[in-house]
Amino acid sequence: MTTETILYIIIAGVISIALAVFMYGYKSKQKGSLRWIFGILRFITLFSILLLIINPKFKSETYTIEKPKLPVLIDNSASVGELNQKKNVSTLLQKIKDNNELNDKFDVSYYSFGNDFRETDSLSFDEKNTNISKALSSVNELFKNQTAPTILITDGNQTLGNDYEFSSAIIKNQIYPVILGDSIKYTDLKIEQLNTNRYAFLKNQFPIEVILNYSGTNPVNSEFIVTQGAAIVYRSNISFSENENSKTLNFTLPANSVGLQKYNTQILPLADEKNKKNNNKQFAVEVIDQATNVLVVSKITHPDLGALKKAITKNERRTVTFKKPTEAVNILNDFQLVILYQPDRSFASIFSEIEKSNKNTWVISGLQTDWYFLNGAQDNFKKEASNQSDDVQAVLNTNYGTFAVEDIGFDNFPPLHTDFGALTISVPNEVMLEQTVSGIANGNPLLATMEINAKRDAIWDGEGFWRWRARSFVETESFQSFDDFIGNLVQYLASNKRRTRLEVSSETFYYNNSPIKISAQYFDKNYIFDNRASLNITVKNKETEKQTVFPMLLRNNYFEVDLNSIPAGEYNYTVSVLNEAVSSSGNFTMLDFNVEQQFLNADVAKLRRVAQNTNGIAYFSTQSDSLINALVSNTNYKNIERSEQKVVPLIDWKYLLALIVLALAAEWFIRKYNGLI
């Protein structure tokens, strides 16, 4: 409290006493004790009111002792079990929990990681992938600007995510890896990586790249073979030595039959190999008869066109061809979808030919679009364009029901550029993305789809969506979500298939270490998406005849199920709607590949480099006592005394108001009791 405030309080006290004395000592008619009682009560009332007007502020300071944090990250992937390290992990965790000195010094918390990173109190060691980089980045975010040395219990074998050695370089706290496994190098041949396209075209050759690794000191010979069923379709003799320990094979196989073609690759094991599971790897290719051909017609060069091509051709079943308006007129019949980018009067012959051939179209407009021409060239939509531009963002219409759309963060994407004006669509349509300006919808569609007599069209009113693809990568470290969004839109627009009340989307094959998701949409009799429906999927293994029923969960405007829990094999499935005679069936194959079985020992060298990069120390699981002693004795990890100062104004003190009310009420009751009022 300042000197000035104290002076005001003293003056308030003097004024209150003076007024109380004047009212009940000089002017009052009461005698004896009543004069004193009324005077004291009036003084309390006046002084309290003046205090509220002055509103002095009081400071309070509290002190807390904060321990340094000690996050313990535990590898919960299947490779820990494959290396027979489950018992070592349990023993280490029990020692950490039972050590009183360690728990007195640190605030210990436990987290597990595999595919994801989460706080944990139990371990299963059954996760199909290991993402050490995500675990380190997550704990760095959780304990930013805090003293938090980190115990990392893992074998160091990462199967997913960024290289954790480089991720650890940005972490300020020390990392103490506890290495699960040993450093002994066993003689081993393995298929390190196999790359191939997911799709191939009939009568074509599809390429395969295989990377083979050898761990050992003596020269060895082996044979690499590829089989389809009982037939060997490719073979090659391979030689390795201590210095030449990696080979890359590039070859092609013919696509002779339509449908799913499954293959098995194998490098024949050596006699003394310890791990033979990493000598085999399955893969599959879906052979299709023809591609979906997309024609992009544009008079200008724009980054949007590159983003379109990348997103569309992410699926090998689709091809993209770019043409100028004068070049595209005579080849429209070779394509299932025509994308018209920022059309102007040079597109007149294109629109005329599209009307004759009834081609599906996707119009993308922007600042270089001639709306006076476009309004007259087609009858689906019109825009009262002006000479002013506008920056608009997008928000997903969660009631959009034409096909399943996932919200990939549209409202956080950079704004698109468009001509200012009202866009009206005069035919039956569904708006997928709505325009917003400063977070407020302006009533115009940004992306809408139309379907009339089996002809499908779309209008996208805004240029600059290449920034959306870039932002998607920044936020998710992958282009996947944006490319899938564009791919689903193209898949819908390029098809003339009649719409059904139950639409199911699935792949023909999956790898069992990847997400296995099937989605569906159910529409009522008016073809409006019904989010109140209950959908189930019945999955039947073709070999064992075992049937399993899973409920499908509602997402924004579609239902979805994750089938990661079922084993590898060939399956039939049926999606059905509860209490409705509507169902859809299909099949898929799940290929067996357990990436966590590919390792023989821990990645000791990398874990030691991580420790060195962060000024920590690496330990083996048998050195747990040394780790605990090092943490307990390290004088850099000390308790921190934190003080918190609070400034509380008197006006927030409710008891003073209660005191004023109590004083006034007491004076009134005393007066009433004595017949003075």
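## Surface patch, helix packing and positive phi values

Leu7, Tyr8, Ile11, Ile15, Leu19, Phe22 and Met23 make up a nonpolar surface patch, and their accessible area together is about 620 Å². The model is predicted. Phenylalanine 22 lies in helix α1, residues 3-26. Its relative accessibility is 44%, so phenylalanine 22 counts as partly exposed.

Next come two helix pairs. Two packed helices are described by the angle between their axes and the distance between the axes.

| Helix pair | Angle | Axis distance |
|---|---|---|
| α2 (residues 33-54) and α16 (residues 654-673) | about 155° | 9 Å |
| α4 (residues 86-98) and α15 (residues 624-633) | about 30° | 10 Å |

Angles over 145 degrees count as roughly antiparallel. α2 and α16 are therefore roughly antiparallel to each other. The crossing of α2 past α16 is left-handed. Angles under 35 degrees count as roughly parallel. α4 and α15 are therefore roughly parallel to each other. Here α4 passes α15 in a right-handed crossing.

Backbone phi is the last topic. Serine 438 has a positive phi near 55°, in a residue other than glycine. Serine 438 sits in the loop between β23 (429-437) and β24 (440-452). With a relative accessible area of 70%, serine 438 is exposed. Asparagine 615 has a positive phi near 65°, again in a residue other than glycine. The loop between α14 (604-613) and β35 (619-620) holds asparagine 615. At 63% relative accessibility, asparagine 615 is exposed.

Notes. Residues are numbered from 1 along each chain as its sequence is written. This is a predicted model: local features need pLDDT of at least 70, side-chain atom pairs count only at pLDDT 80 or more; totals for chains, interfaces and linings use all residues. Side-chain values use heavy atoms; hydrogens and water are left out. Patches are made of residues with over 30% relative accessible area and no salt bridge: like charges are joined within 9 Å, nonpolar side chains (Val, Leu, Ile, Met, Phe, Trp, Tyr) within 5 Å. Accessible areas come from the Shrake-Rupley method with a 1.4 Å probe; for residues, only the protein chains shown count as cover. A salt bridge is a side-chain nitrogen of Lys or Arg within 4 Å of a carboxyl oxygen of Asp or Glu. Helices (H or I, at least four residues) and strands (E, at least two) are DSSP runs, numbered from the N terminus. Buried means under 20% relative accessible area, exposed over 50%, partly exposed in between (1.4 Å probe, protein chains only). Axes are lines fitted to C-alpha atoms, for helices over the stretch in contact, and angles run from 0 to 180 degrees between N-to-C directions. Angles under 35 degrees count as roughly parallel, over 145 as roughly antiparallel, 65 to 115 as roughly perpendicular and the rest as oblique. A crossing is left-handed if the near helix is turned anticlockwise from the far one by less than a right angle, and right-handed if clockwise.
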